[in-house]
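Reader: I would like to go through this model by asking about one end of a helix, then a strand, then the aromatic rings. Please give the cut-off with each term as it comes up.

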Amino acid sequence: MNYLLILLISFFSCNTEVPTKFSEEALNDTFITLEGDEVTFQSILEKHKGKTIVIDVWASWCGDCLRGMPKVKELQAEYKDVVYVFLSLDRGQEPWKKGIKKHDVVGDHYFMQSGWKGAFGNFLDLDWIPRYMVINEASEIVVFKVVEANDKNLIQALKK
């Protein structure tokens with residue numbers, strides 16, 4: 001019985017704070033643009049500095065990602081002043097580019113060449129896609145981990 005109590009106390013006292021800033025490793029991770037250039041995640045954020053950003057980690061082979069795409073398009077229709085950054089975990093650049101065209105994915109696109117276990121994926125503790133995040137105008141992470149584009153926390157962050 002004492003072991004169970006200790007286990008429960010340990011579990012519930014763990015630090016479950018979500019980060020508000022990206023780690024240096026995540027910021028320095030490199031992505032590929034549609035033109036084939038290599039850029040850091042830091043430069044992607046700087047490109048949209050002062051704006052609210054929705055990050056969508058997805059892949060064209062991912063059924064849940066594709067089923068969630070209509071919800072993303074609804075967000076884009078309602079929140080037109082928000083920047084939509086799509087980070088792809090496709091297995092290669094050709095399937096990634098074909099997937100963007102096939103599914104008419106509109107936004108700023110990057111290929112996650114470091115994959116699930118790269119610095120960026122590790123920072124996110126990436127275990128499922130799609131994965132959505134919201135970065136506010138002050139470049140702070142205000143929504144760290146949601147898997148539905150119509151999640152109430154994501155919507156609330158966009159209304160501010």
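Reader: Which residue caps the N-terminal end of H7?

Author: This is a predicted model, in which local features need pLDDT of at least 70 and side-chain atom pairs count only at pLDDT 80 or more, while totals for chains, interfaces and linings use all residues. Residues are numbered from 1 along each chain as its sequence is written, and side-chain values use heavy atoms, with hydrogens and water left out. At the N-terminal end of H7, a side-chain oxygen lies 2.8 Å from the backbone nitrogen of Asn-153, and the residue that supplies this oxygen as the cap is Asp-151.

Reader: Around what arc of the H7 axis do the buried residues lie?

Author: In H7, which spans residues 152-159, Leu-154, Ile-155, Ala-157 and Leu-158 are buried (under 20% relative accessible area, with exposed meaning over 50%, using a 1.4 Å probe and protein chains only). The face turned away from them carries the exposed residues Lys-152 and Lys-159.

Reader: In strand E5, which residue is the bridge partner of Leu-87?

Author: Both faces of E5 (residues 108-111) are covered, with Asp-108 and Tyr-110 buried on one side and His-109 and Phe-111 buried on the other. Strand E4 (residues 83-88) pairs with E5 in the parallel sense over 4 bridges, where pairing requires that DSSP finds at least two bridges between the strands. Within E5, the bridge partner of Leu-87 is Tyr-110.

Reader: Which kind of pair do the rings of Phe-22 and Phe-41 form?

Author: Rings of Phe, Tyr and Trp (its six-membered ring) pair if their centres lie within 6.5 Å, and planes under 30 degrees apart count as stacked, over 60 as edge-to-face and the rest as tilted; by this rule the count comes to 8 aromatic pairs. For Phe-22 and Phe-41 the centres are 4.8 Å apart and the planes stand at 65°, so the pair is edge-to-face.

Reader: How many residues apart in sequence are the parts that this pair of Phe-22 and Phe-41 ties together?

Author: Phe-41 is buried, with a relative accessible area of 0%, and Phe-22 also counts as buried, at 9% relative accessibility. Phe-22 lies in the loop between helix H1 (2-13) and helix H2 (24-28), whereas Phe-41 is in helix H3 (residues 41-47), so the pair ties together parts whose separation in sequence is 19 residues.

Note on methods:
Helix = DSSP H or I, 4+ residues; strand = E, 2+ residues; numbered from the N terminus. Polar contact = N/O pair within 3.5 Å; in protein donor to acceptor, adjacent residues only side chain to side chain.
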